[in-house]
Amino acid sequence: MNEPTQRISTRALTLWRLYGIIQASIIALLTIGTGIFTYLFNWPLWPLLSISTILVLVITLYIFVVPSVRWKRWRYEVRDQEIELQYGLFIITRTLVPMVRVQHVDTEQGPLLRKYGLATISISTAATTHKVPALDEREAEELRHSISSLARVAEDDV
Amino acid sequence: MYEPKRLHPISAVINFIKGLKDAILPLVAIVFLNSNRGEGWLGLLPFLFSGLLLLIILAGGIIKWLRFTYWVEEGELRIEHGLFVKKKRYIPIDRIQSLDFSEGIFHRPFQLVKVTVETAGSSDAMEAEAELTAIRKEEAKQLERFIEEVKRGRQQDVELEDDQPKRQLVYKMSMKEIVIMALTSGGAGVVISGVLVFLSQGMEFLPVDVIYDEVIDWLQFGFLIIASLIMLVLLIAYGISVLLTVLRYSQFSVFHDSGDIIMTRGLLEKKQVTVPLNRIQGIRIDENLIREPLGFATVTIISAGGSLKGDSDQSLRVLPLIKRTEIDRVLRRILDDYQLDLPVKRPPKRSLIRYLLRLVWLPAAASTAASILFYPLGLLSLLVLPVFGWLGYLSFKHAGWNVENYQLTLIRRFFVKQTYIMKKFRIQSMHKDQSVFQKRAQLGSIGATLKSGIGGESARVWYLEEEDTHKLLDWYRHET
């Protein structure tokens with residue numbers, strides 16, 4: 001079975017790294033706080049050690065490993081009769097949504113996404129919602145148009 | 001039907017009782033918590049206050065009844081209510097999916113019913129609900145027939161039509177089945193937790209120090225007496241739950257009526273649920289660990305739309321308890337386009353270890369922790385592992401799938417063996433997932449989501465041959 005062909009924007013990588021950096025800096029602040037407490041109040045060493053380990057893990061995983069793996073995995077393809085998605089880190093999920101089942105398509109854009117010219121598209125059926133994160137703004141717009149017109153063509157009950 | 005009408009006056013009583021039920025805890029609290037405080041007229045204050053509260057609730061019930069009107073106009077069911085803010089709800093008749101009837105103890109003596117209007121999968125949760133607390137039975141029937149006529153597009157004078165329904169009985173549950181269902185149901189757990197909640201709440205209002213002394217005395221009687229008391233309470237709770245289930249399900253019957261399935265049940269409180277055939281998305285057969293060895297199963301209809309009430313899943317049990325071997329024969333009369341007991345393809349042998357791990361890892365972690373923390377008594381917890389291992393083996397043994405023309409069957413088990421049968425054109429989306437390790441072993445899991453109520457329901461089967469998951473996705477793909 002062939003993989004879906006389209007990839008999401010490379011800017012997604014930068015964005016996800018930024019998210020990672022934000023998460024890491026929060027934990028870094030906590031680490032510094034714990035360090036100060038350990039120094040001032042003679043705390044035992046293990047809280048500092050464990051939180052530093054977490055910090056190192058978050059930095060390596062959330063800034064370096066996860067974004068690139070996630071980006072590499074993310075594929076999507078919109079065909080006349082169906083939408084196919086593939087994503088995941090450790091568990092790779094492949095989803096098939098027939099065009100006749102699509103009820104509406106939304107694009108959304110938070111402040112960070114806007115800064116990078118990206119948008120998330122979410123495709124809703126009567127029972128499920130499927131998201132494609134961090135597409136190029138213009139691409140997302142076009143995709144939304146084409147899906148909604150394709151969905152209108154494909155007619156079926158419920 | 002065309003002029004604005006009020007509900008039956010008994011609605012005011014029902015409203016009052018409903019209000020009372022919501023206010024019972026504050027009322028009890030007011031009376032009990034203040035019982036020792038204040039002399040003279042101050043001591044009466046709590047009673048005055050609760051009297052006032054009762055009066056307000058009573059007035060509220062009456063006003064609610066007075067201000068509530070409904071009628072049919074321009075192809076819409078129109079409901080107006082509210083004292084200060086007038087609320088209008090106009091429901092287009094062709095958006096009404098069905099009317100569900102139920103009769104409580106207040107309804108029975110006056111030949112009344114409560115009508116719940118179910119609309120087809122409204123996106124707004126609050127909009128889905130409209131309720132006529134109590135109207136005359138003939139009126140409800142009239143309304144139902146009128147809706148049917150409008151939907152068929154020929155608006156004759158329906159009031160002239162004969163009263164006899166064209167229903168056709170397709171299934172009736174026997175008393176024996178109802179009793180077996182009651183005995184094997186999990187309802188006992190609900191009653192027990194209800195008793196516990198009641199006890200824990202009741203405690204706060206009881207004179208605790210007096211009871212405390214008594215309890216100390218009791219404790220001297222010894223552990224055994226308390227244990228047997230608890231057992232007795234549990235037994236009584238179980239008995240009550242069995243009785244309630246029998247009452248609730250007695251005379252359970254399924255009818256066919258021009259494109260609808262109608263389920264009625266109940267002895268004291270009659271319930272009627274209508275499911276239009278074209279809203280049915282699929283069926284699910286459940287076999288739990290207690291009923292399966294006895295050869296019994298439950299069949300549930302998965303239907304789109306409907307109201308949001310908590311018991312909707314329960315109300316869609318079209319065959320609440322039935323011999324597994326009988327399902328095919330009986331279901332064929334209710335829904336003829338679902339094929340049961342087709343040969344299924346199982347996951348390959350190399351999946352067994354994954355099924356075992358899936359069920360055992362969490363209990364294993366828990367019992368390891370218990371063994372270390374409560375050594376040596378905690379070691380006993382290791383005994384649960386074989387049980388979970390056995391469950392894992394069962395989930396492996398029972399999992400399977402089948403594709404036949406446009407029908408997909410997925411079977412999975414955790415505690416309950418669930419068989420999903422669905423049509424291709426009812427499946428909202430399908431997915432396959434695969435971890436990195438599974439990829440190496442060429443295994444994958446498959447999932448299909450149906451619309452159910454206002455949400456979705458997913459059927460999943462784990463660790464199938466990767467090739468099979470691709471076959472399933474290809475089956476679901478639009479053929480070109």
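**View 1. The annotated domain of chain A.** Residues 71–146 of chain A carry the label "domain: YdbS-like PH" in UniProt, where the entry is unreviewed. In this predicted model, that stretch is 24% helix and 54% strand.

**View 2. Where chain B meets chain A.** Here 20 residues of chain A are in contact with 22 residues of chain B. On the chain B side, the elements giving two or more residues are strands E18 (427–435), E19 (443–452) and E20 (455–465), together with helix H14 (466–476). E18(B) provides the largest share, with eight residues. By residue type, that side of chain B divides into 11 polar, seven nonpolar and four charged residues.

**View 3. A strand pair across the two chains.** Zoom in on E18(B) and you will find its partner, strand E4 (residues 91–98) of chain A. The two strands run antiparallel and are joined over six bridges. For a handy landmark, look for Leu96(A), which stands opposite Met430(B) of E18(B).

**View 4. The largest nonpolar core.** This core has 81 residues. Those with the most contacts inside it come from chain A, namely Ile121(A) and Leu135(A), and from chain B, namely Val299(B), Val318(B), Leu410(B), Ala448(B) and Val461(B). Centre the view on Leu410(B) and, leaving aside residues up to four places away in sequence, it touches Trp401(B), Tyr420(B), Ala448(B), Ala459(B) and Val461(B).

View 5. In soluble globular proteins, nonpolar side chains tend to be buried together.

Technical notes: Residues are numbered from 1 along each chain as its sequence is written. Chains are lettered from A and ligands numbered from 1 in the order in which they are written. This is a predicted model: local features need pLDDT of at least 70, side-chain atom pairs count only at pLDDT 80 or more; totals for chains, interfaces and linings use all residues. UniProt positions are given in the numbering used here, feature names are shortened, and annotations may be inferred rather than shown by experiment. Helices (H or I, at least four residues) and strands (E, at least two) are DSSP runs, numbered from the N terminus. Two residues are in contact if their C-beta atoms, placed from the backbone, lie within 7 Å. Ala, Val, Leu, Ile, Met, Phe, Trp, Tyr, Cys and Pro count as nonpolar, Asp, Glu, Lys and Arg as charged, and the others, Gly among them, as polar. Two strands pair if DSSP finds at least two bridges between them. A nonpolar core is a set of buried Ala, Val, Leu, Ile, Met, Phe, Trp, Tyr and Cys residues joined through C-beta atoms within 7 Å. A residue is buried if 20 or more other C-beta atoms lie within 10 Å of its own, exposed if 12 or fewer, and partly exposed in between; C-beta atoms are placed from the backbone.
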